[in-house]
Amino acid sequence: MKKTLRLTLPVVLLSAILSACSTSNQTDTIKPTVSLSNVSSTVTQPGAVTLQATADDNKSVKEVDFYVDNMLVQAVTTPTNGVYQTTYTWQASQNGTHTVKAVAMDSSGNRSIDATQQVNVNIIVDVIKPVVKITADAPDPITVAGSYTLSVNATDNVGVVAVTGKATCTDTSGKTTTLISPSTTTTTSFSYSIPVTAAYNGTCTLTVSANDAAGNTDTSSKTITINIPTGTGTGPGTGTGTGPGTGPGTTDTQKPTVSVQVSAPNPITVAGLYSVTVAASDNVGVTSLTGVLTLPTGQTFNLTFDPKGGSQSIPVSAAYNGTSTLTVTAIDATGNSASATQQIVVNIQ
Ligand SMILES: [Ca+2]
Ligand SMILES: [Ca+2]
Ligand SMILES: [Ca+2]
């Protein structure tokens, strides 16, 4: 009896082990699942887009295969933040309807049901370049110091995405000064208000480029000659006063109020356009709002604002290094006046 028992026990154990193995080797017949995410159904621009899918399985996902029109784009084995993704570049030659497909495979070789999405490709190839125009509200040559306006307008058959402008002046000795540092804007219609003094005698050229989304570019330039006399004095002043008044005598004795603000760091260390904002008010009405900018060299130039107030952009370069003073004066119809002063410190290396 003892001998029989010894033989039987290993057989029972073996049977149990085989039974356990057979359970763990049970074939995985459960398919993974997959779904596409963030695949746009319309494409109007050429270029690479990301195709994304999420996949799941009872055991493990081995890979997700991406297809466009049944052509394999990539078999992705490693998800990024839980998402399987690849990139695909659409081209105008593919205009029409296409099918993006993702298929997941599990580690047992089961294949998911296809996840598909139709994509309508309609890429318009823009070969027409923008048109950029510069108009100058200034005589050529400029012979009187003052503030002059250069207006920029850019148009495109599809759309202007960037406009870049810069202005450089060359004086009579050949020295070059940057009047407006290259700067880019998405605004398609704007103007530069440029204060011009005899310091700029020579030529100044504004160059503006406009780009569309397809990379087409148009460039336009405007060159103005500046020839402001540097002599002093302008002859005797004009007469003063008129005869005695005859009005009812409701004299306005109240001065206007005026303020000036320069939107710039103090000191200014980077060349560029800086905005000067002036505000004025009066009990009766402001009839004149003007500014005088005195440079460290002692040179002055005049600015004229709308009597209601407003902003102008002043190009600042290393030529202004030092302390400049901007004084703004508001005058009412009776001649009452008020001034505000702002110092501008420039230290551009
Ligand atoms: Ca499975
Ligand atoms: Ca275009
Ligand atoms: Ca007044």
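Q: Leaving aside its neighbours within four places in sequence, with which residues is V76 in contact?
A: This is a predicted model, in which local features need pLDDT of at least 70, side-chain atom pairs count only at pLDDT 80 or more, and totals for chains, interfaces and linings use all residues. Residues are numbered from 1 along each chain as its sequence is written, while chains are lettered from A and ligands numbered from 1 in the order in which they are written. Two residues are in contact if their C-beta atoms, placed from the backbone, lie within 7 Å. With neighbours within four places in sequence set aside, the contacts of V76 are E63, V64, F66, Y84, Q85 and T86.

Q: Is V76 buried or exposed?
A: A residue is buried if 20 or more other C-beta atoms lie within 10 Å of its own, exposed if 12 or fewer, and partly exposed in between, with C-beta atoms placed from the backbone. V76 belongs to strand β5. Because 21 other C-beta atoms lie within 10 Å, V76 is buried.

Q: How far apart in space are V76 and T86, C-alpha to C-alpha?
A: T86 is among the residues in contact with V76. The two are 10 residues apart in sequence, and their C-alpha to C-alpha distance is 7.4 Å.

Q: What is the secondary structure of the protein chain?
A: Helices (H or I, at least four residues) and strands (E, at least two) are DSSP runs, numbered from the N terminus. On this basis the protein chain comes to one helix and 22 strands.

Q: What is the bridge partner of V34 in β3?
A: β1 and strand β3 (residues 47-56) pair in the antiparallel sense over five bridges. For V34, the bridge partner in β3 is A55.

Q: Where is T170, and is it exposed, partly exposed or buried?
A: T170 lies in strand β11 (residues 160-171). Its contacts, leaving aside neighbours within four places in sequence, are T176, G202 and T203. Because 15 other C-beta atoms lie within 10 Å, T170 is partly exposed.

Q: What is the phi of D69, which is not a glycine?
A: Most residues other than glycine have a negative phi. D69 lies in the loop between β4 (61-68) and β5 (71-76) and is exposed, with 12 other C-beta atoms within 10 Å. Its phi is positive, at about 50°.

Q: Why is N81 classed as exposed?
A: N81 is in the loop between β5 and β6. Although N81 is not a glycine, its phi is positive, at about 50°. N81 is exposed because the number of other C-beta atoms within 10 Å is 5.

Notes: Pairing = 2+ DSSP bridges.
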